[in-house]
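My notes are below the display.

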Amino acid sequence: MFHAESLLIRFLTKVCDVLFLNAVFVVSCATVVFSGTAVTSLYAVALKMIRSEDYEPVKGFLRAARENFLPSFPATILLMADMALIAALHRILYAEVLIISPTVFVFLVIVAFLLTALLSWLFPLTARFENTFVRHLGNAGRLALANLPVSFLLTAVNLLPLLLGVFVPSALGFIAAFWLLFGFALGACLNSFYLNRVFGR
């Protein structure tokens, strides 16, 4: 049962890897400018984990961060714009008075969802392949449209903590604790399962 190659040991090893990967990701996101690089590095490791390639959660993350800081910087700007828009929508949703019309609010929600969907492909592409930002952006848009069910799943996973916080506010503390411990890396691994299948084609 406790043999080095046993199912239990392999499972516990994966859990520890996800825990360490999530921890280094959360620490890296403390600097907002570094957040896009952190997401790219997170997927660089997660994609390898799902492909069962050799990887080291912390060292692999830091290595990917050094390599992807400049390539991922334009995507970081888009990420910050998306986060700012989502934060604004959240504030509008809970405002005591009507700030904008419902039509404009719905339009902005759609924009935020589409931008999140685009970024859900853009960062993994940057982590997996070498290309210019413009080509990565174009490929992300084409892949998002050509794989709508996968795009919806990726976006839902990435927005899940926010959606849970909105619809289950009583569990906000548990949600925050889970994502700080496991959630970001676990979500990236789940997304990577489907991303690797698409990239493999």
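The entries follow in the order in which I looked things up.

**Basis.** I am working with a predicted model, in which local features need pLDDT of at least 70 and side-chain atom pairs count only at pLDDT 80 or more, while totals for chains, interfaces and linings use all residues. I number residues from 1 along each chain as its sequence is written, and side-chain values use heavy atoms, with hydrogens and water left out.

**Entry 1, α1 and α3.** I took helices as DSSP runs (H or I, at least four residues), numbered from the N terminus. The axes of α1 and α3 come within 8 Å and cross at roughly 35°. Axes here are lines fitted to C-alpha atoms, for helices over the stretch in contact, and angles run from 0 to 180 degrees between N-to-C directions. I noted the crossing of α1 and α3 as right-handed, that is, with the near helix turned clockwise from the far one by less than a right angle. Asp17, Phe20, Leu21, Val24, Phe25 and Ser28 of α1 meet Pro57, Val58, Phe61 and Leu62 of α3; contact means heavy atoms within 4.5 Å. I sorted the residues of this contact into eight nonpolar, one polar and one charged. Ala, Val, Leu, Ile, Met, Phe, Trp, Tyr, Cys and Pro count as nonpolar, Asp, Glu, Lys and Arg as charged, and the others, Gly among them, as polar.

Helix α5 (residues 102-128) and helix α8 (residues 172-200) have axes that come within 12 Å and cross at roughly 65°. This crossing is right-handed too. On α5 I found Trp121, Pro124, Leu125 and Arg128 in the contact, and on α8 Leu195, Val198 and Phe199. The classes are six nonpolar, no polar and one charged.

I looked for nonpolar cores, sets of buried Ala, Val, Leu, Ile, Met, Phe, Trp, Tyr and Cys residues joined through side-chain atoms within 4.5 Å. Buried means under 20% relative accessible area, exposed over 50%, partly exposed in between (1.4 Å probe, protein chains only). The largest core has 34 residues, and Leu21, Leu42, Tyr43, Phe61, Trp121 and Leu195 touch the most other members. Elements giving two or more residues to this core include α2 (35-50), α4 (73-93) and α6 (133-146). The largest share, nine residues, comes from α2. Another core, of seven residues, lies apart from it and includes Leu85, Leu89, Phe105 and Leu159.

Serine 41, in helix α2, is buried at 0% relative accessible area. Leaving aside neighbours within four places in sequence, I list Phe61, Ala64 and Ala65 as its contacts. Serine 151, in helix α7, is buried at 5%. With residues up to four places away not counted, serine 151 touches Trp121, Leu143 and Ala144.

Serine 52 lies in the loop between α2 and α3 and is exposed, at 64%. I noted its phi near 60°, a positive value in a residue other than glycine. Most residues other than glycine have a negative phi.

I found one salt bridge in the structure, defined as a side-chain nitrogen of Lys or Arg within 4 Å of a carboxyl oxygen of Asp or Glu. Arginine 51 pairs with glutamate 53, the closest N and O atoms being 2.8 Å apart. Arginine 51 is partly exposed at 25% relative accessibility, and glutamate 53 is partly exposed at 35%.
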